[in-house]
2 protein chains.
Amino acid sequence: MPATGDRIEVAASPFPYALDPAHTALVVIDMQRDFVEPRGFGETLGNDLAPAATTVAALIALFREKHWPILHTRESHKADLSDCPPAKRLRACAWRDRHRQVWQGLFYATEVGDILTKRGITHLVPAGVTTEVCVQTSTREANDRGYECLLIEDATASYFPHFKAATLEMIRAHGAIVGWTTPLDALSKAVG
Amino acid sequence: MPATGDRIEVAASPFPYALDPAHTALVVIDMQRDFVEPRGFGETLGNDLAPAATTVAALIALFREKHWPILHTRESHKADLSDCPPAKRLRACAWRDRHRQVWQGLFYATEVGDILTKRGITHLVPAGVTTEVCVQTSTREANDRGYECLLIEDATASYFPHFKAATLEMIRAHGAIVGWTTPLDALSKAVG
């Protein structure tokens with residue numbers, strides 16, 4: 001493992017990502033049973049997110065091994081929906097449990113930005129579900145706030161695979177206008 | 001024109017949009033010469049945004065006729081890039097002129113949220129360029145903040161048409177998870 005402050009070059013699209021191991025955090029978005037397990041909400045949409053769940057688990061193990069910080073989010077809601085704006089109640093009401101969130105973005109109206117600033121985090125590795133909704137919105141928020149984001153391609157999934165493909169392409173377009181993408185294997189090789 | 005507070009039903013996808021004429025603002029994003037005119041940055045990307053520019057002009061005329069508020073954003077930067085974070089300086093540095101913005105989202109670190117709150121705005125009609133970058137990021141920010149968004153399909157454009165198509169589809173997926181989309185003609189017929 002390199003000395004603190006050294007950058008690690010990770011093979012990525014659209015060009016190599018310079019990971020800063022002393023200032024990098026993993027962000028695991030909405031990897032919860034209702035989304036990824038049989039008989040959950042996810043299964044009703046006809047797609048299987050389990051392969052991504054396996055990769056997310058391996059990604060978490062990698063960060064634990066390195067003793068790099070990991071941030072988890074979870075989508076849920078109060079039983080009486082009292083925390084849910086009326087316009088959203090008709091759709092899918094959501095708030096984050098530990099890192100409470102109004103809707104799809106990780107940062108807006110949460111303490112996440114403060115937590116990351118206090119930890120000196122400048123580089124984020126997003127993963128989780130779904131790619132084009134909460135993962136995309138949160139990655140766009142992070143990019144606007146100056147974080148360098150490396151989305152792990154096989155550690156994120158959508159109920160609609162073409163949305164996942166389009167989102168990955170949009171993120172890395174125009175020379176990483178939102179961030180970089182790479183498979184877990186490339187990250188593991190670079191930091192291993 | 002209906003009395004203040006009455007809703008106007010606009011034919012839209014994935015289902016009709018309930019426009020509140022007393023609390024609706026048009027948001028025109030980045031319709032600037034460098035992006036849409038010959039010899040500008042946009043032309044170097046090989047696509048012509050002019051048809052969308054014509055529709056945006058008609059949309060602005062509609063809102064002016066109704067005396068409904070219009071918010072414009074413009075992307076630019078200081079000549080010395082002193083306002084630009086280092087990570088972004090290597091790519092395309094940007095900040096908003098009147099409604100200054102760090103990067104792609106309309107709301108983060110700007111006064112836009114306060115302006116809209118003071119005006120009592122609850123419904124936004126986004127338009128402009130480019131669909132999958134600043135328009136998408138800003139619409140996702142608006143949705144997280146509780147605004148009901150109706151993106152005008154032919155008043156937005158991308159240098160990559162398949163990104164525009166995917167973004168419109170993502171926005172209205174899952175029962176308008178981010179918002180609604182409709183052509184200008186449908187809006188004009190509903191409010192005319």
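Here are some friendly notes on this predicted model, point by point.

1. **Ground rules.** Residues count from 1 along each chain as its sequence is written, chains are lettered from A in the order in which they are written, and side-chain values use heavy atoms, with hydrogens and water left out. Because the model is predicted, local features need pLDDT of at least 70 and side-chain atom pairs count only at pLDDT 80 or more, while totals for chains, interfaces and linings use all residues.

2. **How the copies are related.** Two copies of a chain are related by a rotation about an axis and a shift along it. Here, a rotation of 180° with 0.0 Å of shift along its axis puts chain B on chain A, with an RMSD of 0.0 Å (least squares on the C-alpha atoms of residues with pLDDT of at least 70 in both copies). That is the relation of a two-fold axis. Both copies use the same surface, since 100% of the contact residues of chain B recur in chain A.

3. **The interface.** Chain B and chain A each bring 35 residues to the contact (heavy atoms within 4.5 Å). About 3,000 Å² is buried between chain B and chain A, and carbon and sulfur atoms give 54% of that area (accessible area, 1.4 Å probe, that two parts lose on being put together, summed over both). Between the two chains there are 13 residue pairs in polar contact, both residues at pLDDT 80 or more (N or O atoms within 3.5 Å, one able to donate a hydrogen and the other to accept it, with sequence neighbours counted only if both atoms are side-chain atoms).

4. **Who supplies the chain B side.** Helices H4 (86-89), H6 (131-144) and H7 (161-176) of chain B are the elements giving two or more residues to the side that touches chain A (DSSP runs numbered from the N terminus: helices, H or I, of at least four residues, and strands, E, of at least two). H7(B) gives the most, with ten residues. By class, this side of chain B has 16 nonpolar, ten polar and nine charged residues (Ala, Val, Leu, Ile, Met, Phe, Trp, Tyr, Cys and Pro are nonpolar; Asp, Glu, Lys and Arg are charged; the others, Gly among them, are polar).

5. **Salt bridges.** Over all chains the count is six (a Lys or Arg side-chain nitrogen within 4 Å of an Asp or Glu carboxyl oxygen), and between chain B and chain A it is zero. Arg7(B) pairs with Asp20(B), with the closest N and O atoms 3.7 Å apart. Arg7(B) sits in the segment before strand E1 (8-10) and Asp20(B) in the loop between strands E2 (17-19) and E3 (24-29) of chain B, 13 residues apart.

6. **An aromatic pair.** The whole structure has ten aromatic pairs over all chains (ring centres of Phe, Tyr or Trp, the latter by its six-membered ring, within 6.5 Å; planes under 30 degrees apart are stacked, over 60 edge-to-face, the rest tilted). Tyr17(A) and Trp180(A) form an edge-to-face pair, 5.3 Å centre to centre with 70° between the planes. Tyr17(A) lies in strand E2 and Trp180(A) in strand E10 of chain A, so the pair ties together parts 163 residues apart in sequence.

7. **Backbone spots to look at.** A cis peptide bond joins Val129(A) and Thr130(A), with omega about -15°. Another cis bond runs from Ser13(B) to Pro14(B), with omega near 5°.
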